[in-house]
Amino acid sequence: MSMPVAASADGPVQDAVLAVLTADAELMALVKGVFDWVKEKQPYPYVVLGESIETPDNTHDSHGSNTVITLHVWSQYRGFHQARTIVTRLRALLEHRPLTIAGHRHVATYFVSQQTLTDPEPPGDIRHVPISFRVLTQVSP
């Protein structure tokens with residue numbers, strides 16, 4: 001039995017995550033948008049699809065990927081309440097939830113980590129919460 005050709009899951013995972021997030025009315029009521037790229041002077045709060053790391057996760061007879069994708073929540077709310085509310089919604093949408101990933105079979109999505117940060121640049125009122133998820137996939141036959 002020959003294995004299908006290995007194909008990167010990185011782009012398709014990002015596309016799948018973006019589709020799930022932008023289709024959710026509850027999340028979209030909390031933010032001014034979910035973006036792959038943010039325009040100058042974008043109103044807060046918003047979510048940006050950020051960095052990813054893809055490593056092989058092959059089995060004996062199939063190609064697979066382990067993709068860690070980081071989302072960035074940005075807010076100007078005083079304190080972290082608003083950003084944490086958005087992060088809670090992101091986890092509800094992605095953690096242990098199925099994804100439709102072009103060219104790949106979704107195996108699982110796991111929460112990896114989140115961190116609360118305050119942007120030190122003036123005016124110093126921007127809150128930033130990077131949150132990462134691990135998405136396991138297998139190449140579709």
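Phenylalanine 133 is buried, at 1% relative accessibility, where buried means under 20% relative accessible area, exposed over 50% and partly exposed in between (1.4 Å probe, protein chains only). The model is a predicted one, in which local features need pLDDT of at least 70 and side-chain atom pairs count only at pLDDT 80 or more, while totals for chains, interfaces and linings use all residues. Residues are numbered from 1 along each chain as its sequence is written, and side-chain values use heavy atoms, with hydrogens and water left out.

Phenylalanine 133 has an aromatic partner, phenylalanine 111, and the pair is edge-to-face, with 6.2 Å from centre to centre and 70 degrees between the planes. For such pairs, the rings of Phe, Tyr and Trp (its six-membered ring) must have centres within 6.5 Å; planes under 30 degrees apart count as stacked, over 60 as edge-to-face and the rest as tilted. Phenylalanine 111 lies in strand β4 (residues 104–114) and phenylalanine 133 in strand β6 (residues 127–139), so the pair ties together parts that are 22 residues apart in sequence. Phenylalanine 111 is partly exposed, at 24% relative accessibility. Three aromatic pairs are found in a search of the whole structure, and one aromatic cluster is formed by Phe35, Tyr44 and Tyr46.

Stepping back to the overall fold, the protein has three helices and six strands, with helices (H or I, at least four residues) and strands (E, at least two) taken as DSSP runs numbered from the N terminus. Along the sequence they follow the pattern α-α-β-β-β-α-β-β-β. The C-alpha trace spans about 60 × 30 × 25 Å along its principal axes. Of the 141 residues, 43% count as buried. Among contacts (heavy atoms within 4.5 Å) with a separation of 6 or more, 61% come from residues 24 or more positions apart.

Helix packing comes next. Helix α1 packs against helix α3 (residues 81–94) at an angle of about 115 degrees, with the axes 10 Å apart. Here the axes are lines fitted to C-alpha atoms, for helices over the stretch in contact, and angles run from 0 to 180 degrees between N-to-C directions. Val17, Val20 and Leu21 of α1 meet Leu90, Leu93 and Leu94 of α3. The residues of this contact divide into six nonpolar, no polar and no charged; Ala, Val, Leu, Ile, Met, Phe, Trp, Tyr, Cys and Pro count as nonpolar, Asp, Glu, Lys and Arg as charged, and the others, Gly among them, as polar. Alanine 16 is also found in α1 (residues 10–22) and is buried, with a relative accessible area of 5%. Not counting residues up to four places away in sequence, alanine 16 touches Leu99, Thr100 and Ile101.

Histidine 72, in strand β3 (residues 64–75), is buried at 11% relative accessibility, and its side chain makes a polar contact with the side chain of glutamate 51 (2.8 Å). Leaving aside neighbours within four places in sequence, the contacts of histidine 72 include Tyr46, Val48, His128 and Pro130.

Histidine 106 lies in strand β4 and counts as buried at 16% relative accessibility. The side chain of histidine 106 makes a polar contact with the side chain of threonine 109 (2.7 Å) and reaches the backbone oxygen of alanine 108 at 3.4 Å. Beyond its neighbours within four places in sequence, histidine 106 is in contact with residues including Arg97, Leu99, Val135 and Thr137.

The loops hold some backbone details for a closer look. A cis peptide bond, with omega about -10 degrees, joins tyrosine 44 and proline 45, and proline 45 is found in the loop between β1 (34–35) and β2 (46–56). Lysine 41 is placed in the loop between β1 and β2; although not a glycine, lysine 41 has a positive phi of about 65 degrees, and it is exposed at 75% relative accessibility. Histidine 96, in the loop between α3 and β4, is likewise not a glycine and has a positive phi of about 60 degrees. Histidine 96 is exposed, with a relative accessible area of 56%.

Terms used:
A polar contact is a pair of N or O atoms within 3.5 Å; within protein, one must be able to donate a hydrogen and the other to accept it, and residues adjacent in sequence count only if both atoms are side-chain atoms.
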